[in-house]
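Please look through the chain shown below with care, keeping the sequence and the three-dimensional view side by side. The briefing that follows takes up a few places in turn, grouped by topic.

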Amino acid sequence: MATSNYASYTRNTVEPLKRIAHSRRYEQVLRLIAAPLPGDKVLDYGCGDGHLFSHLVGNVSSDKLVGYDPNADLLAQADPAVVAGSSLTTDIDTLKAQHSRSFSLIYCIEVCEHLTDKALDELFENITGLAAPYARIIIGVPIETGPSGFLKGMYRTAHGHRQAASMTKAVRALFGLQIPRCAYLEWYGDHTGFNHARLREKLEDRGFLVKRSVCLPFPLFGLALNNEIYFTCSRRRPS
């Protein structure tokens with residue numbers, strides 16, 4: 001995992017398109033996807049530098065905001081106000097022991113696209129154990145197929161073949177064809193080859209009910225010209 005300053009290559013990047021997409025992401029998620037309701041206990045699973053909570057600190061009590069990320073270097077980059085107004089941890093075992101089935105709102109944003117199937121199964125199991133009955137679970141991932149995936153692939157190819165991009169892969173992404181990915185310790189370092197439709201299938205196979213999907217930053221455009229898709233899920237009740 002990268003240990004450089006997270007904000008410098010996301011919301012504070014010098015690249016205009018990336019900066020616009022990242023800088024408005026969480027505001028849109030809270031406004032258009034799901035914001036905490038009175039009494040909600042909130043978990044940001046894979047919270048990075050905790051920036052989502054910068055929009056919630058002061059409006060949600062500190063004991064109701066918990067952020068988990070396995071990367072201590074990312075958590076160390078959290079804003080002091082976020083550190084003071086929430087609980088941030090790298091310890092998944094303690095988190096599960098202390099907060100079993102207690103979170104009524106769980107965000108998991110820009111995480112699943114980096115995980116192998118084995119790591120995804122572990123994530124799904126952890127979220128299941130942390131989610132309260134009828135919890136709202138928000139899964140946000142990039143759109144890397146169709147026109148959006150093609151344009152991203154061409155942009156990355158033109159900028160030094162970033163994220164293992166190539167013209168061939170961009171064309172394959174356009175048609176939703178499988179693109180081989182290389183993982184390191186159950187972790188994919190790039191987005192190229194990720195397919196949100198396959199993730200949705202995995203969610204449903206693992207007992208999650210996808211109640212709603214929204215594409216951002218331009219919801220009316222659907223999958224065609226958007227950067228991300230968000231699945232609002234719950235756990236299926238046993239039949």
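In this predicted model, Asp-69 has a relative accessibility of 7%, so it counts as buried, the cut-off being under 20%. The residue sits in the loop that runs between β2 (65–68) and α3 (72–75), and its C-alpha atom is separated by 4.5 Å from that of Gly-46, although the two are 23 residues apart along the chain. Leaving aside residues up to four places away in sequence, Asp-69 touches Gly-46, Cys-47, Gly-48, Leu-74, Leu-75, Thr-89 and Thr-90.

**Nonpolar cores**

- The largest nonpolar core is made of 33 residues, and those with the most contacts inside it are Leu-43, Tyr-45, Leu-123, Ile-139, Leu-199, Leu-203 and Phe-231.
- Helix α6 (residues 117–130) supplies the largest share of this core, with 6 residues.
- Leu-123, one of the residues with the most contacts in that core, touches Tyr-45, Cys-108, Val-111, Cys-112 and Leu-115 when residues up to four places away in sequence are not counted.
- Another core lies apart from the largest one and has 19 residues, among them Tyr-26, Val-29, Phe-53 and Leu-65.

**Strand β9 and its partners**

- Is β9 largely enclosed or largely open? Of its 8 residues, 7 are buried, so the strand is largely enclosed by the rest of the structure.
- Strand β5 (residues 131–142) pairs with β9 in the antiparallel sense over 6 bridges, and within this part of the structure Ile-138 has Thr-232 in β9 as its bridge partner.
- Strand β8 also pairs with β9 in the antiparallel sense, over 8 bridges, and Cys-215 stands opposite Ile-229 in β9.

**The loop between β8 and β9**

- Most peptide bonds are trans, but the bond that joins Leu-216 and Pro-217 is cis, with an omega of about 15°.
- Pro-217 lies in the loop between β8 (208–216) and β9 (228–235), and Phe-218 is found in the loop between these two strands as well.
- Phe-218 has a relative accessible area of 40%, so it is partly exposed, a class that lies between the cut-offs of 20% and 50%.
- Together with Leu-151, Leu-220, Phe-221 and Leu-225, Phe-218 forms a nonpolar patch on the surface, and these residues have about 580 Å² of accessible area together.

**Salt bridges**

- Side chains of opposite charge can pair when their charged atoms come close, and in this model the count comes to 9 salt bridges.
- Glu-110 and Arg-25 meet through their side chains in a salt bridge, at 3.5 Å from N to O. Glu-110 lies in the loop between β4 and α6 while Arg-25 lies in helix α2 (residues 25–33), so the pair ties together parts that are 85 residues apart in sequence. Both Glu-110 and Arg-25 are buried.
- Asp-121 and Arg-206 form a salt bridge through their side chains, at 2.7 Å from N to O. Because Asp-121 is in helix α6 and Arg-206 is in the loop between α9 (196–205) and β8, this pair ties together parts that are 85 residues apart in sequence. Asp-121 counts as partly exposed at 32% relative accessibility, and Arg-206 counts as partly exposed at 31%.
- Glu-144 forms a salt bridge with Lys-152, where the closest N and O atoms are 3.5 Å apart, and both of these residues are buried.
- Salt bridges that share partners join Arg-25, Glu-110 and Glu-228 into one network.

Notes:
Residues numbered from 1 in each chain as written. Predicted model: local features only at pLDDT ≥ 70, side-chain atom pairs only at ≥ 80, totals over all residues. Heavy atoms only, no water. Core = buried A, V, L, I, M, F, W, Y, C linked by side-chain atoms within 4.5 Å. Buried < 20%, exposed > 50% of the residue type's maximum accessible area, 1.4 Å probe, protein only. Helix = DSSP H or I, 4+ residues; strand = E, 2+ residues; numbered from the N terminus. Contact = heavy atoms within 4.5 Å. Pairing = 2+ DSSP bridges. Patch = residues over 30% accessible without salt bridge, like charges linked within 9 Å, V, L, I, M, F, W, Y side chains within 5 Å. Areas by Shrake-Rupley, 256 points an atom, 1.4 Å probe, with all protein chains shown as cover. Salt bridge = Lys/Arg side-chain N within 4 Å of Asp/Glu carboxyl O.
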